Amino acid sequence: MKIIRFLGSLPVAIALLSILTLLFIVSTVTESIYGTPFAQDLVYKAGWFDILLSLVGVNILCSTIRKIPWKRRHTGFVITHIGILLILGGSLLTRLSGIDGELAIAEGERRHKLPREGYQISVTLPDRQPITALLDPKEKTPSRQIPLPDGAGNLAIDEFLPNAVTSLDIEEGKNESTVNHAIQFTLSSDAININQTIWLIESDPQNPHPNMLSFGPAFLALKSGAIPLPGEESMDKKSPSLIFSVTSDHQWKYRITASNNEPKEGALATGAVIETGWKDFSLRIDKVINHAKLSRTYEPSPHGKGGEIALCLAYTAPDGKKEISWLSENGSTKFNAGNQTIEAALTANFHPLPFILELKDFRKIDYPGTSTPKSYESDVVLYDPENKTVIQKTISMNNPLDYAGYRIFQSSYIQDPESGEVSIFTVSSAPGTTYIYIGAIVMFAGMITLFYIKPLTKEGEKKNG
Amino acid sequence: MDRKLLSITFLGGIMLAGILSCDNTPDHLRHLRSLPIQNGGRIKSFESFSRETLKLITGRETRNGEPPVKTILDAVARRDAIDAIPWVRIDHRELKQTLGLKEEEEYFAMSRLLPLKEKVVNLVMASQMKREGDLRPTAAEQNSELLYSRMNAVERLKSGDVLRVIPAGTDEPWRSPFDTESPQSAEFRKIAECYAKGESSSVADLTARWNSSILAQSEEAAHAKLSLELRYYDLSPFQFALIGYFLTAVLFAFGGNRPLVRWVGFAALTIAFCAHSAGMVMRVLILERPPVSNMYESMIFMNWILIVFAAGFALIRKQLSVLTVGALLSGLVMTYANLLTIDSDLGVLQAVLRTNYWLVIHVLTIVSSYGALGLAMGLGHRHVFMDVFHKFTKESEQASAQTIYLVLQIGVILVGIGTILGGVWASESWGRFWGWDPKETWALITFLGYLIVIHLRYKRRLGNFALAISSIVGFLLVLMTWYGVNFVLGRGLHSYGSGAGGMFWITIYLVFEASFVALILIKKNLRPTPDSPNQSAGSV
């Protein structure tokens, strides 16, 4: 066929090779000037780039097909170009179904979710399967519908701010039945020049732990009722902490512990100033609220950078009632759908791994007398409850753990004074790699044939008549 | 006439080699050279340590023509005078301006620089923060990092902190005699004291005794190849090889057909190649790893492979000119390698690069491809020169072009395999075969670029002259991949920052190439004569 002859012709091949060469020169220089993420978005992750590579594949395929029926003299050519097709095919396979991400695990922790780029909105409906919608923060205007099953109403993204700054306002609510304790206080120190105003809230749909905070080495918390705070029982009695406790009839108390003093306790009064015993820090109580009404406003960040993601969901119930609500990362909100509630939550995107990885111990060994790392290694345990498998291994540089098509590499680490030693792993699944390896071997065998095995090339054929 | 040429070049060569390989250390410091010290993650000789420290601070391995160990010992023995030594090198004009220093001065004393330390630290922090934020630091900021490490080196010398000569347990940091109090500390300090007082024979005795006791005390020290290091520096095998290669090129190029000249040329080449190989073997033995970790090592391997390819092709194609070109190129690369000051240290590898045979195979393959493509580039220069000055016969022109094509074939296969191996290494080390990192992408660009040349030549669309020009221009891609990605682009995993060293010479090279190609093309099109071979289709 004429079209195959053309598509597989030498001029087209040379043209494509030249375009690729020039393109990559431009892309690497662009990367040098504008940075890697820009170049990645502009070229390597762009749709047209995939199309270009596919054209290369088409050219190679056609160049091979047009020589059918293949003679002996075509051997080198065919082998080489089939090899290239295998390489391209393998890359495509990894591009389409490969997974790549970083997993940071502190000693003693377990993980089974692999963080990925972007965010997701999970909608929980009563009596039905939860729905997940993926959100790409690079989308400029993802005002779109989130498909809900019939009869569940209509959910859409009204506004989307990838870089938002929030301001939180808390007032005493008028409704006496919704109890939500909150306290605002200021910690100041002249010596360290700090003057920090802090809210602790009993519950906040946009924050999983609104009642606890670390302030330097000190632990601040609001305890409502008799239920102990997580870790309170085992907390070191001498480490600095400030705990407010309030009873159901709104009696407030404070308790301060410091490293070398006896704990201080007392009742609270708005405007009171209390000496903490931590260096020269003093504590002033600003507001005490029993029925907190939270209102947040979200504004785009002034420079378009920094801040956090925030989006506004608009829900229309089956009976026509409209509600809007703002969500920030790890926040959730509830909508009324008649006599049922729908809950929507915004979380970072993740890929569920088919196993759980636990870090038992991390070790970093330096070259002696330097701080240049010689090696780092992690003792891990991998659990696969479905297949009842437990694997123990030490993962170190260049020594990964392979499981279920995933490879877990030791990538890096953080030594964090707060969380201790955190080992960072790269988890990747690249199904096309084997085909790329095979393709490469085939391609080079073909090139060697083309260059050096005369009987299997055109000239050889001619010489032998 | 040729006997005179012969004797002059030969004697000149031997004299130069002799000058370079003499060790001018005074007797009483002889033992000091092999004193073991823990530095940069390994146990090395005091000689290595002195050279590296001087190179870091001053940019050169020796100062004022003195033996390196003497310069360092002078500083250590009279530490209160260290700040007065004008030895900290600052090259960058803008940096000197920013710090308020005289631009014409090259070397500065710490007493001038210490008041500026805060400024320097701010520049360094700015540079690091910009880099972390994926922005490009200014050239002054980047150069401040080098200045900071130079000042730091002097400070550590002054405090004695860097002198880790007292052994400790395995993998534990050795101790400095100025840190800790012990009989051993006192023993070492006595050496410095005797030296300061000028008691040479005591210095010699004490140092000898110190060395034996350390070797007995520490297995690591006994295992380290300290005397091999000394021999490495004294013999300067790479300088030796450099001279030999140039000598060979001169003899082959201008010696005509006389058998005596040929024989001397081959002798010089063989000796040079043996010295080159010996130097590489020494590095491997001292560092206990193949020569794959930095720019310097890749250069001395590239020109070694280049000679191997040149010898092979000269033999197969029966063309001495291939060897002439190869020897000249190898000498030039060796010269350039010796101009780069920082990397030629005997240093250890980062964690991610250790114990990985994929790394070794990948680097050796890629650098070998640079060797082959470099040879092709040299042969291309010769071809176009011979062409436009009508020195070819029809047969010799055809033979020359065919050789270039054969060398390009090897180069293309090696750069292709090397690029794939880079992916294999990445895949086995951190799970991602290809990430479009600039270094990876440029290796691919080189492969694709030469692939265009191969395609066109294979299908008889590229004449001999055009093939030679292609091999010259194509090498620019190799240079970009090998050097440009690291030092010009300033981004990606392989980046060492931009403008760091060598840009001047690269610019000279580019200017030379551009002028050469322009002149050649002009001359080619000026007077086409009937018997000058042109665009004939070459055989495959």
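This is a predicted model: local features need pLDDT of at least 70, side-chain atom pairs count only at pLDDT 80 or more; totals for chains, interfaces and linings use all residues.
Residues are numbered from 1 along each chain as its sequence is written, and chains are lettered from A in the order in which they are written. Local features need pLDDT of at least 70, side-chain atom pairs count only at pLDDT 80 or more, and totals for chains, interfaces and linings use all residues; side-chain values use heavy atoms, with hydrogens and water left out.

**View 1. Chain B in outline.**
Chain B holds 21 helices and four strands. Helices (H or I, at least four residues) and strands (E, at least two) are DSSP runs, numbered from the N terminus. Chain B has 540 residues, and 54% of them count as buried. Buried means under 20% relative accessible area, exposed over 50%, and partly exposed in between (1.4 Å probe, protein chains only). Contact means heavy atoms within 4.5 Å. Among the contacts in chain B with a separation of 6 or more, 69% join residues 24 or more positions apart.

**View 2. Helix H17 of chain B.**
H17(B) covers residues 357–388, which is 32 residues. The expected span of a helix is 1.5 Å times one less than its number of residues. How much of H17(B) is buried? The count is 26 of the 32 residues, so the helix is largely enclosed by the rest of the structure. Just after H17(B), B:His390 takes a positive phi of about 55 degrees.

**View 3. B:Thr419 in helix H18.**
B:Thr419 lies in H18 of chain B. With a relative accessible area of 9%, B:Thr419 is buried. Its side chain reaches the backbone oxygen of B:Val415 at 2.6 Å. Not counting residues up to four places away in sequence, B:Thr419 touches B:Ile366, B:Trp434, B:Glu440, B:Ala443 and B:Leu444.

**View 4. Two loop residues of chain B with positive phi.**
Most residues other than glycine have a negative phi. B:Asn64 has a phi near 55 degrees. B:Asn64 sits in the loop between helix H3 (46–58) and helix H4 (68–77) of chain B. Phi of B:Trp436 is near 60 degrees. The loop that holds B:Trp436 runs between helix H18 (394–430) and helix H19 (438–458) of chain B. B:Trp436 is buried, at 15%.

**View 5. B:Ala241 in helix H13.**
B:Ala241 belongs to helix H13 (residues 237–254) of chain B. Its relative accessible area is 0%, so B:Ala241 counts as buried. Leaving aside neighbours within four places in sequence, B:Ala241 is in contact with B:Ala272, B:Ala275, B:His276 and B:Met334. B:Ser277 is 36 residues away along the chain, and the C-alpha atoms of B:Ala241 and B:Ser277 are separated by 9.0 Å.

**View 6. A:Asn59 in helix H4 of chain A.**
A:Asn59 lies in helix H4 (residues 47–65) of chain A. At 7% relative accessibility, A:Asn59 is buried. Beyond its neighbours within four places in sequence, A:Asn59 is in contact with A:Leu7, A:Gly8, A:Ser9, A:Val12, A:Ala13 and A:Leu16.

**View 7. A cis peptide bond in chain A.**
Most peptide bonds are trans. The bond from A:Ile68 to A:Pro69 is cis, with omega near 0 degrees. A:Pro69 lies in the loop between H4 and H5 of chain A.

**View 8. The interface of chains A and B.**
The contact takes 53 residues from chain A and 56 residues from chain B. About 4600 Å² is buried between the two chains, and carbon and sulfur atoms give 63% of that area. Buried area is the accessible area (1.4 Å probe) that two parts lose on being put together, summed over both. In chain A, A:Pro368, A:Asn398 and A:Phe451 lose the most area to chain B, together 14% of what that side buries.

Two salt bridges are found between chain A and chain B. A salt bridge is a side-chain nitrogen of Lys or Arg within 4 Å of a carboxyl oxygen of Asp or Glu. A:Arg407 forms a salt bridge with B:Glu428, the closest N and O atoms being 3.3 Å apart.

Methods. A polar contact is a pair of N or O atoms within 3.5 Å; within protein, one must be able to donate a hydrogen and the other to accept it, and residues adjacent in sequence count only if both atoms are side-chain atoms.
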